[in-house]
Amino acid sequence: MGSRQVSASDLAGLLGPDALGRFGLPGRITVAGLGISGISAARALAGLGARVTVVDNGDGDTHRARAAELAELGIEVRLGHLPDGARAGETLPEGTELVVTSPGWPPQSPLFLAAAEAGVDVVGDVEVAWRLRAAGVELRAARGAAAAGTGAGTDAAPAGPAEWLAVTGTNGKTTTVQMLASILKAAGLRTAAVGNIGTPIIDVVLGEQPYDVLAVELSSYQLHWAPSLRVHSGAVLNLAPDHLDWHGSMQAYAADKGRIYEGNTVACVYNVADKATEDLVVEADVEEGCRAIGFTLGAPGPSMLGVVDGILVDRAFVENRQKNAQELAEVKDVNPPAPHNIANALAAAALARAYGVEPRAVRDGLRDFRPDAHRVARVDEVGSVVYVDDSKATNTHAAEASLASFDKVVWIAGGLAKGATFDELVQKSAARMRGAVLIGADRALIAEALARHAPEVPVVDLDRTDTGAMLAAVREAAALAEPGDTVLLAPACASMDMFANYNKRGDAFADAVRELAAENAGKAENAADTA
């Protein structure tokens, strides 16, 4: 990506001792969480001259190793239990003027309640990055001047901070942001996919690489803690119940998603098929002249992007949009061309067009895009049955979209439900189900929904959590499948009850399919030998 980890000495030497105040930050800051984003924030803030304390309830080997690295930068780290018996991650250090939290810490955390009682604001790493955009410009200018003095040279930097094109939604965020970055690159723009996608946004904002525009994935957690964020254009792809244990209610979850529209300057992109996303646009306080832009899988009306006869078309960013439409790409240019992924492509195209990208770059960017693993990924075909890994479908909305992509499915599902219910998913998808194989801690919730709404669907309840459970699930699914069917891993649940993450779960599925294929090949070979 070209943005190396922020160095404290870089910041202190190049921005001067008054940097904190100039960018709206106080002198004593507590960082909650010793994960990737917490470390990134702690390094940057210490480099700006803040007295930083990092707190975390963990006290394992990894935590201690990270703490030792930060200690070398003069950053205090408090782990586990304090001498008085209190937990470090629940105790507000004396003198704290601002708390910077990692995204996953819920608002009800004791640390944040203590901060509220003390009148101390809590923000996230995205908020810090937003405040430091001008600092990044200054840093690159200073580094460029230093490089010019040594004859090293540097890429020309934009005059101001990179614009942010931001994406949120219950599902499809990562894919849409990657599509958007691919389109922006095809247009010749310096860009990167950042944020919740895995790259700490502070490191990018303060890094050496200059960017014209950033494709930013934002979770509901990150938006909750980013009160001053005001992006060029934002999109909410869809809304469905998720993370309600964190937010407390669907209303609160939707409100945090809707923060992405606040202060938009050019476009608020919404999903025509999901009225809740349009409602968030209506409620948003945007800049004068900002437009509502819809995307739909049907024929688009004015100020929309949609699909006509297999063509992705734009009736938003064209002259005389009441009568005219601009061809952008063909459905076959989208990989994979499943309905939910076409919707992702339309949202990405809408944001790119809002930034002024030409139609040809939209087509080229979509053609160049390759989806990550574990997202409706075809693993293999065994015995005329196709096996598809969509382990990334960690909630009911994602699983419903995945199931809708195939005609007849043997569904492998289950894991941690995160407070979700499955009745609506089963009702909408029952006609596609050849059978279901259930795994994981909350599989009974799915079994009960299937019994209520799809009693004719055969169900295998696999009460196993050992390392061989996925192979057993694949074998059971193979026994239920008929030629032409799809065995689909779309769990509708989180993975942490059985696997480290959804990637490991998808890997286990792919390994099991390959073992099944090898077994079938061996049986065929033996049958041929005895014929």
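In which helix is the place of R64? Select R64 to begin: this residue lies in helix α4, which covers residues 61-71. Please bear in mind throughout that the structure on the screen is a predicted model.

**First stop: R64 and its surroundings**

R64 touches D59 and L79, when residues up to four places away in sequence are not counted.

**Second stop: helices α3 and α4**

The axes of α3 and α4 are 11 Å apart, and the helices pack at an angle of about 10 degrees. That angle makes α3 roughly parallel to α4. The crossing in which α3 passes α4 is right-handed.

To see where the helices meet, select I39, A42 and R43 in α3 together with R66, E69 and L70 in α4; these residues form the contact. By class, this contact of α3 with α4 has three nonpolar and three charged residues, and no polar ones.

Which residues of α8 meet α14? On the α8 side, select T175, T176, M179, L180 and I183. On the α14 side, their partners are N341, N344, A345, A347, A348, A349, L351 and A352. Colouring this selection by class will show nine nonpolar and four polar residues in the contact of α8 with α14, with no charged residues.

The axes of α8 and α15 lie 7 Å apart, and the packing angle is about 125 degrees. This makes α8 oblique to α15. Here too the crossing is described by its hand: α8 passes α15 in a right-handed crossing.

The contact is made by M179, S182, I183 and A186 of α8 and by A361, V362, D364, G365, L366 and D368 of α15. The residues of this contact of α8 with α15 divide into six nonpolar, two polar and two charged.

Select N335 and P336. The peptide bond from N335 to P336 is cis, with omega near -10 degrees. P336 is placed in the loop between β14 (326-330) and α14.

Then select K418. Although K418 is not a glycine, this residue has a positive phi of about 55 degrees. The loop that holds K418 runs between β17 (409-413) and α17 (423-429).

Which residues line the second largest pocket? Select G35, I36, S37, P103, D125, G195, N196, G198, T199, P200, I201 and Q222 to display the lining. The volume of this second largest pocket is about 290 Å³. Its lining has four nonpolar, seven polar and one charged residues by class.

**Last stop: the largest cavity**

How many cavities of 30 Å³ or more does the structure hold? There are two cavities of 30 Å³ or more. The largest cavity contains about 100 Å³ of space. For its lining, select R133, R140, P161, A162, W164, V204, V205, Q209, Y211 and L214. The elements that give two or more residues to this lining are α7 (133-150) and α9 (201-205). Grouped by class, the lining of the largest cavity has seven nonpolar, one polar and two charged residues.

Definitions and conventions
Residues numbered from 1 in each chain as written. Predicted model: local features only at pLDDT ≥ 70, side-chain atom pairs only at ≥ 80, totals over all residues. Heavy atoms only, no water. Contact = heavy atoms within 4.5 Å. Helix = DSSP H or I, 4+ residues; strand = E, 2+ residues; numbered from the N terminus. Nonpolar A, V, L, I, M, F, W, Y, C, P; charged D, E, K, R; others polar. 1 Å grid on protein atoms, 1.4 Å probe; cavity = no way out; pocket = protein on both sides within 12 Å on 5 of 7 lines; lining within 4 Å. Points joined across faces, edges and corners; volume = space filled by probe spheres on them. Axes fitted to C-alpha atoms, helices over the stretch in contact; angles between N-to-C directions. Parallel < 35°, antiparallel > 145°, perpendicular 65-115°, else oblique. Left-handed = near helix turned anticlockwise from the far one by under 90°.
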